[in-house]
Amino acid sequence: MFALKFTWNPVSGLDLGFITIHFYSLMFVVAFSLGFYLMKKMFQREEVAIEKLDSLFIYAVVSILLGARLGHVFFYQTELLWEDPLSVILPFRFVPEFEFTGFRGLASHGAAIATIFGLYLYNKKILHKSVLWILDRVVITCASGAIFVRIGNFLNSEMVGKITDGPLGIQFVQDEISERRAVSLTNIQNPKKAYQALTEDPQFAEIISSIPYRYPGQLMEAFGYVFVFIILYLLYWKTEARKKPGFLFGLFLLLLMTVRLVVENFKREQVEGREDWIFNLNTGQVLSIPFILIGLYFVITAFTKKPINETN
């Protein structure tokens, strides 16, 4: 059987000397830039003033980042509220030492909740259409953005999968070995060079061989999101689905959270002790179920509503 197994030990970002630009942060830049481009095309198609797009971008960025960060803290890492409260809303870690971390520790469920609220405000104050009109279109950009966010997780060796003996497995060096331990093992004070030595110096081969292979949960999720994006994109541009209020929004929730629900079976639990939190489901799966039900509701009710005209 064909086996795809390898050791993953990348640099975490671009080192500019005084600061490191993490690839995870760069993936967000790509996601937002592509989202802006897609929304511009949709606004032009439906003759919505392009001037309103700038405000949408601001509302979306603030809502997504703030909601994702708060969601991660409340759902997965509540101890930050009293251990390092400033790191909750700032891209820095202050405990045990100051470090620029970029956009790390973000939860998609929190982002979804905050984005819906943010778009409601945007529609009420600026767009003045049905809130479902903007939701049906923004979810296409959210689906594309989700792909790059998960790629960013992979580049950061975050959200790794469960241990596997199957043909698809990756050794996540930086997940298994902390920076402090890498420095201790190699006697190299620079963590980046220490990690590099671990995989390149033969004397550490035994240490690397002891690292278990894990499912690439981030890439599996990103792969699923590619299909979610393609489906929504084609339905919007090639069919009349955009005229059914709430259909694309509901389908997005249904498909995206179903992918999350399934892939969580291959991912290591993000909160220790919650791998079988409720009904043998982990935190991510439990949080996904309400979104799936809401999505199913909007998909069904979309067919009972009167189609809207392009200018509505």
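Start by selecting helices H7 and H8: their crossing is left-handed (the near helix is turned anticlockwise from the far one by less than a right angle). In this predicted model, local features need pLDDT of at least 70, side-chain atom pairs count only at pLDDT 80 or more, and totals for chains, interfaces and linings use all residues. Residues are numbered from 1 along each chain as its sequence is written, and side-chain values use heavy atoms, with hydrogens and water left out.

H7 covers residues 179–186 and H8 residues 191–200; their axes come within 9 Å and cross at roughly 65°. Axes here are lines fitted to C-alpha atoms over the stretch in contact, with angles running from 0 to 180 degrees between N-to-C directions. Helices are DSSP runs (H or I, at least four residues), as are strands (E, at least two), numbered from the N terminus.

Now show the side chains. On H7, pick Glu179, Ala182, Val183, Leu185 and Thr186; on H8, Pro191, Ala194, Tyr195, Ala197 and Leu198 make the contact (heavy atoms within 4.5 Å). Colour by class and you get eight nonpolar, one polar and one charged. Ala, Val, Leu, Ile, Met, Phe, Trp, Tyr, Cys and Pro count as nonpolar, Asp, Glu, Lys and Arg as charged, and the others, Gly among them, as polar.

Next, the cavities. On a 1 Å grid over the protein atoms alone, a cavity is a set of points where a 1.4 Å probe fits but cannot get out, and lining residues have an atom within 4 Å of a point. Grid points are joined across faces, edges and corners, and a volume is the space filled by probe spheres set on the points.

To find its centre, select Ile64, Ala111, Thr115, Cys142 and Ala146, the closest of 36 lining residues. H1, H2, H4, H5 and H11 each supply at least two residues of that lining, with the largest share, nine, coming from H5. By class, the lining has 30 nonpolar, five polar and one charged.

Move on to the second largest cavity, about 40 Å³. Select Tyr76, Leu106, Ala107, Ser108, Arg150, Met159, Arg260 and Gln270 to see its lining.

Finally, zoom out: the protein has twelve helices and six strands.

Notes
On a 1 Å grid over the protein atoms alone, a cavity is a set of points where a 1.4 Å probe fits but cannot get out, and a pocket is an open set with protein on both sides within 12 Å along at least five of seven lines; lining residues have an atom within 4 Å of a point.
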